Amino acid sequence: MSRNPGHPVIPPRSSEKLDAAQRAVRKVAAEQRRVKQEAVSRAVAELLEEQDTRINEIAKAHCILPEKVYMLSISYTTSDRPRGQKFQLKELQEMVANDPEMQDLDEETKQKYLGELKESRGHKAKGVRSTNTAASRDVQATLKNIYEELQALAYHTGIYACLFVTRGHVYDTHAATWFGTDNIMDFWEDRMNLSPDYIIKQLELWACNEEKTIGTITKHLRQEKPIRLRFANFEQIKYKFGIDYEGWPDGIPFSSPYKIQTIDEIRRLRDAIRENTFQWVKMTPSQHQEYRKQVDARRKAGETVGVPRQGRSDKGKKRKTASENDSQPSKKVRRTRAAQKSREIIETSDEDSDGGGDHF
């Protein structure tokens, strides 16, 4: 695959396309199999009826429950090898010993078989799954075994272990997950103040992002003074600075990416940012003015726009003033008065001018 170049690819099970004649032959063969299967099913149904009758007779004769007779009959019945069960080494050796074609092999043929065996093992160990479905199943099956081994090791030795697993590409389908033995995940919350769900979400975002990250969406704001983007109060930012957005993915509520819970929505938002279909835009003066009028009308109607600021803790209570405590002015007032400079020319009042004839 493209994200693992140079690695061998495990071939999927595929079927060749058939022509009209081959399809007709297969259709006839399928009909014959269906008729044969119906006949076998009827015969098996008759056998089961006879078996139930015989089991009831044996149970009645020996004064036991029919279920016990049924379980005993199963224990004495031999069955074929279950699906997925592998041959033991001893069985394989016996099969090779009884195969005429495997007798008296020369050294070159032995080395050829050994080379094919090593290549097959290496292919299975380091090969890349050809489809996302196969890769997802492999991840689930392997992680299940790992979880069981870690849990058993924790019981045997008392160890603590935690594991975070996420996909490595944005188009992979297996979900991110985490695992911990005993109460090891309390460490992240108690000591690091981070929940495991938050850690795995951030890990997945980091693993799937190559060039852009969710945090880079604020770089689309071209302002001389940086603006701290708050999704909850975006209407206030839009009202004050005239900034809007275009191309937000449909079906996803406009909120902080950290509050998006599903992986598919994160992937859609990330693709929109990468493809530049989602952008921050500057409103035209007429658009900005029209929007401000709409917000002002909503506020006059009593509607709260955005998230209101948290009120003071002593809201509604009478606060003491400086005059109530003492008549002495505060330090700030004293500093202000001391800082004032006298004027170079002091104007006289009218009384001084009128009664000051003697001064001339």
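## Basis of the model

This is a predicted model, in which local features need pLDDT of at least 70 and side-chain atom pairs count only at pLDDT 80 or more, while totals for chains, interfaces and linings use all residues. Residues are numbered from 1 along each chain as its sequence is written, and side-chain values use heavy atoms, with hydrogens and water left out.

## Nonpolar cores

A nonpolar core is a set of buried Ala, Val, Leu, Ile, Met, Phe, Trp, Tyr and Cys residues joined through side-chain atoms within 4.5 Å. Buried means under 20% relative accessible area, exposed over 50%, and partly exposed in between (1.4 Å probe, protein chains only). The largest nonpolar core has 13 residues. Trp248, Ile260, Leu269, Phe278 and Trp280 have the most contacts inside it. Helix H9 (residues 263-274) gives the most to this core, with 4 residues. Helices (H or I, at least four residues) and strands (E, at least two) are DSSP runs, numbered from the N terminus.

Another core lies apart from the largest one. It has 5 residues, among them Tyr239, Met283, Tyr291 and Val295. In soluble globular proteins, nonpolar side chains tend to be buried together.

## Cavities

The model has 2 cavities of 30 Å³ or more. A cavity is a set of points, on a 1 Å grid over the protein atoms alone, where a 1.4 Å probe fits but cannot get out; lining residues have an atom within 4 Å of a point. Grid points are joined across faces, edges and corners, and a volume is the space filled by probe spheres set on the points. The largest cavity holds about 50 Å³ of space.

Its lining consists of Arg167, Val170, Glu204, Leu205, Cys208, Asn209, Ile266, Arg267 and Arg270. Helix H7 (196-208) and H9 are the elements that give two or more residues to this lining. By class, the lining has 4 nonpolar, 1 polar and 4 charged residues. Here Ala, Val, Leu, Ile, Met, Phe, Trp, Tyr, Cys and Pro count as nonpolar, Asp, Glu, Lys and Arg as charged, and the others, Gly among them, as polar.

## Aromatic pairs

The structure holds 14 aromatic pairs. Rings of Phe, Tyr and Trp (its six-membered ring) pair if their centres lie within 6.5 Å; planes under 30 degrees apart count as stacked, over 60 as edge-to-face and the rest as tilted. Tyrosine 245 and phenylalanine 254 are stacked, because their ring centres are 4.2 Å apart and their planes at 5°. Tyrosine 245 is partly exposed, at 27% relative accessible area. Phenylalanine 254 is also partly exposed, at 22%.

Phenylalanine 254 and tryptophan 280 form an edge-to-face pair, 6.4 Å centre to centre with 75° between the planes. Phenylalanine 254 lies in the loop between strand S5 (243-246) and H9, and tryptophan 280 in strand S6 (residues 279-282), so the pair ties together parts 26 residues apart in sequence. Tryptophan 280 is buried, at 8% relative accessible area. One aromatic cluster is formed by Phe234, Tyr245, Trp248, Phe254, Phe278 and Trp280.

## Charges over rings

A charge sits over a ring if NZ of Lys or CZ of Arg is within 6 Å of the ring centre and within 35 degrees of the ring normal. The charged end of lysine 238 sits over the ring of tyrosine 291, 4.3 Å from its centre. The charged end of arginine 299 sits over the ring of tyrosine 239, 4.8 Å from its centre. Tyr239 and Tyr291 are both among the residues of the 5-residue core.

## Positive phi values

Aspartate 104 has a positive phi, near 55°, in a residue other than glycine. It is in the loop between helix H3 (89-98) and helix H4 (107-126). Aspartate 104 is exposed, at 80% relative accessibility.

Phi of aspartate 182 is likewise positive, near 55°. Aspartate 182 is in the loop between strand S4 (177-180) and helix H6 (186-190). At 63% relative accessibility, aspartate 182 is exposed.

## Contacts across the sequence

Glutamine 294, in helix H10 (residues 285-300), is partly exposed at 43%. Glutamine 294 and tyrosine 239 are 55 residues apart in sequence and 9.8 Å apart in space, C-alpha to C-alpha.

Alanine 59 is in helix H1 (residues 20-62) and is buried, at 3% relative accessibility. Alanine 59 and valine 69 are 10 residues apart in sequence and 6.6 Å apart in space, C-alpha to C-alpha.

Conventions: On a 1 Å grid over the protein atoms alone, a cavity is a set of points where a 1.4 Å probe fits but cannot get out, and a pocket is an open set with protein on both sides within 12 Å along at least five of seven lines; lining residues have an atom within 4 Å of a point.
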